[in-house]
Every structure is written in structure tokens, then in C-alpha cells.
Amino acid sequence: MDRTASRPRKADAIFSATLSLLAERGYDALTIEAVAAQAGVHKTTIYRTWATKDEVLADALVQAPELAFAIPDTGSLRGDLLALAKQIHCLLSDPANRRVITAVVSALPDRPATAEAAGRFFADRLDREQAVFDRARDRGELADAADAEMIMDLLGGNLWFHTLIRAKSADDAYFERLVDTVLTGVIR
């Protein structure tokens with residue numbers, strides 16, 4: 001039986017409970033039993049769909065409403081990247097999301113399944129963001145050889161470092177400098 005073939009009715013509650021408990025307790029203390037209790041479901045409801053907490057976590061990272069954001073369509077690549085940068089910064093600035101991110105990142109070196117869950121999250125995001133780059137190519141704003149993944153790594157990586165490591169906030173002027181640097185580079 002394919003465990004992921006159907007989604008439980010209370011999947012959003014399960015995903016929210018997973019992220020909430022991860023933020024509160026950390027990865028090691030995250031259990032299916034605790035997720036079930038907080039989501040108001042029996043643990044067998046979870047085990048029918050997911051075999052491990054890493055499988056639940058992978059789907060929670062991709063599907064939880066707390067981590068969702070809309071893909072912008074402002075009519076320009078620069079406008080779309082500015083909107084994405086603001087949304088990424090907003091997600092990273094939320095205290096609960098920061099705790100989730102910290103717990104996932106700290107679990108990565110020793111847990112291949114968690115690394116796979118994080119990989120699914122970023123692959124899903126890039127799949128969604130691809131529309132921004134497709135539209136930009138159609139408008140003639142972006143070279144065919146431009147690498148969407150690299151552009152998002154430059155944009156998102158900067159925001160992760162700026163927000164999580166340096167613990168700084170960002171304003172519109174910062175977002176504009178960041179996007180313009182990604183789009184135009186740094187040499188004359």
C-alpha cells in the first residue's frame with residue numbers, strides 16, 4: 001500500500017502540530033504520539049499515511065499553511081523578486097518559523113531523512129517559483145541560460161544569512177539593493 005496515496009482529513013492540523021512541536025521541543029523530542037495528541041487525531045491516522053516522523057515533517061514543510069506563500073506576478077522580474085524577498089524575509093522573521101528552521105538545520109548532519117525532507121521543501125519552492133522565471137523569459141527580461149535555482153539561492157541564501165545568522169531586519173531599501181545586486185551583479 002502506498003502510504004502517501006491519500007491525505008488524512010485533518011492533514012493541516014497534523015502539519016501545524018508537527019511544526020509547532022518541532023519549534024517547542026526540537027527534532028529529537030518530536031514524536032508521532034505528540035503530534036497526534038496535539039492535532040486531535042489517533043496515532044494510527046498518522047501511521048496510515050506516514051511511516052516516520054521524517055515523512056510527516058517533509059510533508060509539513062511543503063504543505064503546512066504556516067510556511068505557505070503566494071507566488072507573485074507583478075509584471076516584472078524585478079518586482080516578482082522583490083515580492084519573493086519580502087515573503088522569504090517575513091517567513092524567516094517569524095519567531096515560530098525561526099525555531100522550526102533552527103531545529104531542522106541542526107538535525108541535518110546526522111539525519112539523512114531530515115536532509116531529504118529539507119531537500120523536498122526547497123525543491124517544492126523552486127518548482128513553484130519557476131513560474132516567475134518562465135514569465136520573465138517570455139517577456140524578454142531573462143536570458144535563456146539564466147539559472148533560476150542559482151538566482152533563488154543568491155536571494156534566499158542572503159536573506160537566511162542576514163536574518164538568521166546576523167539577526168538583522170530588512171527594509172524596502174535593503175530588498176531593492178539585494179534584488180538589484182542579484183540581477184545586475186557587482187562589477188562595472
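Select residues 112-138, which form helix 7. Its 27 residues should span 39 Å at 1.5 Å a residue, and its end C-alpha atoms lie 38 Å apart, which agrees. The expected span of a helix is 1.5 Å times one less than its number of residues. Helices here are DSSP runs (H or I, at least four residues), strands are DSSP runs too (E, at least two), and both are numbered from the N terminus.

Before moving on, note that this is a predicted model, where local features need pLDDT of at least 70 and side-chain atom pairs count only at pLDDT 80 or more, while totals for chains, interfaces and linings use all residues. Residues are numbered from 1 along each chain as its sequence is written, and side-chain values use heavy atoms, with hydrogens and water left out.

**The whole protein**

Zoom out. The protein has nine helices and zero strands. Along the sequence, the pattern reads α-α-α-α-α-α-α-α-α. Taken along the principal axes, the C-alpha atoms fill a box of roughly 60 × 35 × 25 Å. Of the 188 residues, 42% are buried. Buried means under 20% relative accessible area, exposed means over 50%, and partly exposed is in between (1.4 Å probe, protein chains only).

Take the contacts with a separation of 6 or more: residues 24 or more positions apart account for 67% of them.

**Back to helix 7**

Where is the kink in helix 7 centred? Select Glu-129: the helix bends there by about 30°. The bend at a residue is the angle between axes fitted to the seven residues ending there and the seven starting there.

Glu-129 is also one of the buried residues of helix 7. Others to color include Phe-121, Asp-124, Arg-125, Val-132 and Phe-133. Show what covers these buried residues: the cover includes helix 4 (53-63), helix 5 (77-93), helix 6 and helix 8 (148-165).

Step past the end of the helix. Gly-140 follows helix 7, and its phi is positive, near 80°.

Select Thr-114, in helix 7. Is Thr-114 buried or exposed? Its relative accessibility is 0%, so Thr-114 counts as buried. Leave out residues up to four places away in sequence, and Thr-114 touches Tyr-27, Asp-54, Leu-57, Val-104, Ala-107 and Leu-108.

Follow that list to Leu-108. This residue sits in the loop between helix 6 and helix 7. Leu-108 is partly exposed, at a relative accessible area of 28%. Leaving aside neighbours within four places in sequence, Leu-108 is in contact with Thr-114, Ala-115 and Ala-118. Draw a C-alpha to C-alpha distance from Leu-108 to Ala-118: they are 8.3 Å apart in space and 10 residues apart in sequence.

**Helix 5**

Select residues 77-93 for helix 5. This helix has 17 residues and reaches 24 Å from its first C-alpha to its last, close to the 24 Å expected at 1.5 Å a residue. Its buried residues include Leu-77, Gly-79, Asp-80, Ile-88 and His-89. The buried residues of helix 5 pack against helix 6, helix 7, helix 8 and helix 9 (172-184).

**Where helix 1 meets helix 6**

Show helix 1 (residues 11-25) with helix 6 (residues 95-107). At what angle do they pack? The angle is about 75°, and the axes are 8 Å apart. Axes are lines fitted to C-alpha atoms, for helices over the stretch in contact, and angles run from 0 to 180 degrees between N-to-C directions. Helix 1 and helix 6 are therefore roughly perpendicular to each other. That label covers 65 to 115 degrees; angles under 35 count as roughly parallel, over 145 as roughly antiparallel, and the rest as oblique.

Now show side chains. Leu-19, Leu-22 and Ala-23 in helix 1 meet Ala-96, Arg-99, Val-100, Ala-103 and Val-104 in helix 6. The residues of this contact divide into seven nonpolar, no polar and one charged. Ala, Val, Leu, Ile, Met, Phe, Trp, Tyr, Cys and Pro count as nonpolar; Asp, Glu, Lys and Arg as charged; the others, Gly among them, as polar.

**The ends of helix 1**

Select Ala-11, in helix 1. Ala-11 counts as buried, at 0% relative accessibility. Ala-60 is 49 residues away along the chain, yet the two C-alpha atoms are separated by 8.7 Å.

Jump to Arg-25, also in helix 1. Arg-25 is partly exposed, with a relative accessible area of 46%.

**Last stop**

Select Ala-167, in the loop between helix 8 and helix 9. Its phi is near 55°, a positive value in a residue other than glycine. Ala-167 is exposed, with a relative accessible area of 64%.

Note on methods: Contact means heavy atoms within 4.5 Å.
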